[in-house]
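Welcome, and please open the structure in your viewer. Have your selection tool ready, and we will go from stop to stop together.

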Amino acid sequence: MKCFVTGATGFIGSNLVHELVAQGHEVKALIRPNSNLRGLQGADVETVRGNIGDRPALVAAIKGCDWCFHVAASYHFWLPRYDSMYATNVDGTRNVLEAAHKAGCSRIVYTSTVGCIGLPVQTNGEAVLANETTPLMANQFNGHYKRSKFKAEVVAFELLDKGLPVVIVNPSVPIGPRDVKPTPTGRLVLDFLNHALPAYLDTGFNIVHVRDVVRGHILAAEKGRIGERYLLGNSAGNWTLKQFLDALSEITEQPTPRMKLPYSVALTAAYLDEGISWLSGRPPKAPLAGVRMARRKMYFDPAKAVTELGLPQSDPRQALVDAVEWFRANDYVRA
């Protein structure tokens, strides 16, 4: 298949490009001017310069492609202004999906986020893992990133009603190589490697190898039912942050931070940190949206994607091994 990929220089996007090429697909990637191309090194890919705000140019670029993977997103927990985030995540999604349909794509895979799925609920006193059907409650909208991605999903469902062949995938917390920027979770790994993580919170999340996530994208194009959401996670990846750090400690032979920070202290520090950021313009070390998100454990059940798509379930520990090796090999770790 000939595939069009937006967000091709990002973490998921670059790994998707490499996997598509490895599986024998032809790839055309949309690249913004001045993008860091490190994640695409070694990939046989056709690139086209542009942005997702230019709909006529998108149609021309996508024409002739069979599948479109819309991975591009503004992924930040803090920005001085959020207009650009909504323009990218909401308006940009409408532009790409409509352009892909107009260009004749038979399948459009939209990369949403697990943040658009509700958190685990209590049933008869027991926690039930969240899945694609768990509703997102109003009090779970932590920050503009989550709100903008939720609004983008609304756009996707609106376009589905107009006949667009869209399949939605919701990755949990991908870990692995080519995390160039890095992402907030990749930053957590990197801070650990650089001995810049003095304490931790009592929180948890679902980690998944980025390789499984991108294979899930391709499987969604091959087998996914139009109009469905597929949670791309790992059934063995529901870890506390302490388990995450302990695994990193075993892999790297570095000590795990011993101090567990009370949530109230972390929240107060985040308010102060963001206050300084509004004055300085520099991103906070601990964004308020990230700390608020950490208040509840984000555990999920990927059974639907495993059953319907055949989503791989790689050992979550291997994801950490591969992330550590890539950061070290690419000079992200201080001597």
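Predicted model: local features only at pLDDT ≥ 70, side-chain atom pairs only at ≥ 80, totals over all residues.

Residues are numbered from 1 along each chain as its sequence is written, and side-chain values use heavy atoms, with hydrogens and water left out.

**Stop one.** Select L79, in the loop between β4 (67–70) and α3 (83–102); helices (H or I, at least four residues) and strands (E, at least two) are DSSP runs, numbered from the N terminus. L79 is buried, at 14% relative accessible area; buried means under 20%, exposed over 50%, and partly exposed in between (1.4 Å probe, protein chains only). Leaving out residues up to four places away in sequence, L79 touches S74, S84, M85 and W278, where contact means heavy atoms within 4.5 Å.

**Stop two.** Now select R94 and E158, a salt bridge with its closest N and O atoms 3.1 Å apart. R94 sits in helix α3 and E158 in helix α4 (residues 144–160), 64 residues apart. A salt bridge here is a side-chain nitrogen of Lys or Arg within 4 Å of a carboxyl oxygen of Asp or Glu.

**Stop three.** Show K304 and E228, whose side chains meet at 2.5 Å, N to O. K304 is in helix α10 (residues 303–309) and E228 in the loop between α6 (210–223) and β12 (229–232), so this pair ties together parts 76 residues apart in sequence.

**Last stop.** Within helix α7 (residues 241–252), pick K242 and D246, four residues apart; they form a salt bridge at 3.1 Å.
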